[in-house]
Amino acid sequence: MTSEEEFKPTDRAVLNRCIEFVIAAERRASEIVEVHDGFSVQLNPSIPNVWDANRVVIDRAGITTREIVDLTDAAIGAAGMKHRTAYIRDCDFGRRLAPEFEQIGWIAQRGLFMVLRREPDKTPDVEVFETSIEEVEDLQRSMITGGEDTPGGRSDPLAGELIEWDRRLGAAVEEDRWFIAMADGRPAATCRLIRDGGIGQVESVGALDAARGRGLGRAVAQAAAAASKEAGDQITFISAVANDWPRLLYDRIGFEAAGEDWAFRLQPGIPEADRALD
């Protein structure tokens, strides 16, 4: 399915519930939340390098690109952060804005919300264990930094901030469950299931580089999806970057695309990127 194709009305309703699930959890997890007419702000100044923890959410179509840039400057920039992120709730509006943001040097990221609707095409011959966020911290840090055996990698400040954001999100929902698979006698792949209000989100699927190609990532993601189904969740979903390969894996597990979302990001070190709007 391409970005130009229309999703069914039933998919749009499911998409809206998934987006609301994510935004509600992030608001509960955030240090600062401001809700305004047409947009909201979510800030976590203590973890400034986590872009998705510090963003402006555009709730209403029709706001101009210039206005969105100004909103991110007034919120994220005023908090002392150099990056910018604007999240667009309305997928049609986000699609229309994408060329303008790309023209001024921002990254336009199209995501997919995929909903569990089919049985998986196979069952991996991999044993999966359920654990806690504390038990997977070292594995998370290794996957984030790519330096699983280097002390320098483990001190990476971004890794610590991302793990802290995971903790906050887990504390903001009814249930936060983690799954791991082993390789060579140690944890090598992980995935989490966040549950709240009859909705389950499968998230944070990852494996160590040295353990790729063994079906471990698929095994933990499939276990999390099955746990959501067994718990009776009305909707089980996972989000993916639209043009990246993991969405193909999720399709084989039984997830189907129900809709898209858009995030626009300005990386640090691109000063005055919005002058083209003047």
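Which backbone oxygen lies 2.6 Å from a polar atom of the side chain of His83? It belongs to Pro48, and View 1 takes a look at that spot. Before that, a word on the model: it is predicted, with local features needing pLDDT of at least 70 and side-chain atom pairs counting only at pLDDT 80 or more, while totals for chains, interfaces and linings use all residues. Residues are numbered from 1 along each chain as its sequence is written, and side-chain values use heavy atoms, leaving out hydrogens and water.

View 1. His83 sits in the loop between helix 2 (65-77) and strand 4 (84-88); helices (H or I, at least four residues) and strands (E, at least two) are DSSP runs, numbered from the N terminus. With a relative accessible area of 3%, His83 is buried (buried is under 20% relative accessible area, exposed over 50%, partly exposed in between, using a 1.4 Å probe and protein chains only). Setting aside neighbours within four places in sequence, His83 is in contact with Pro48, Trp51, Asn54, Ile76, Leu266 and Pro268, where contact means heavy atoms within 4.5 Å.

**View 2. Helix 2 meets helix 3.** The axes of helix 2 and helix 3 (residues 91-103) come within 10 Å and cross at roughly 70 degrees. Here, axes are lines fitted to C-alpha atoms, for helices over the stretch in contact, and angles run from 0 to 180 degrees between N-to-C directions. On the helix 2 side, Thr65, Ile68 and Val69 make the contact; on the helix 3 side, Leu97, Glu100 and Phe101 do.

**View 3. Helix 7, wrapped up.** Helix 7 (residues 216-230) has 15 residues and spans 21 Å from its first C-alpha to its last, close to the 21 Å expected at 1.5 Å a residue (that is, 1.5 Å times one less than the number of residues). Of those 15 residues, 11 are buried, so helix 7 is largely enclosed by the rest of the structure. Among the buried ones are Leu216, Arg218, Gln222 and Ser228. After the helix comes Gly232, with a positive phi near 90 degrees.

**View 4. Two residues with positive phi.** Most residues other than glycine have a negative phi. Asp184, though, has a phi near 55 degrees; this residue is in the loop between strand 7 (175-183) and strand 8 (186-196) and is exposed, at 69% relative accessible area. Ser204 also has a positive phi, about 55 degrees, but its place is in strand 9 (residues 199-207). Ser204 is partly exposed, at 29% relative accessibility.

Technical notes
A polar contact is a pair of N or O atoms within 3.5 Å; within protein, one must be able to donate a hydrogen and the other to accept it, and residues adjacent in sequence count only if both atoms are side-chain atoms.
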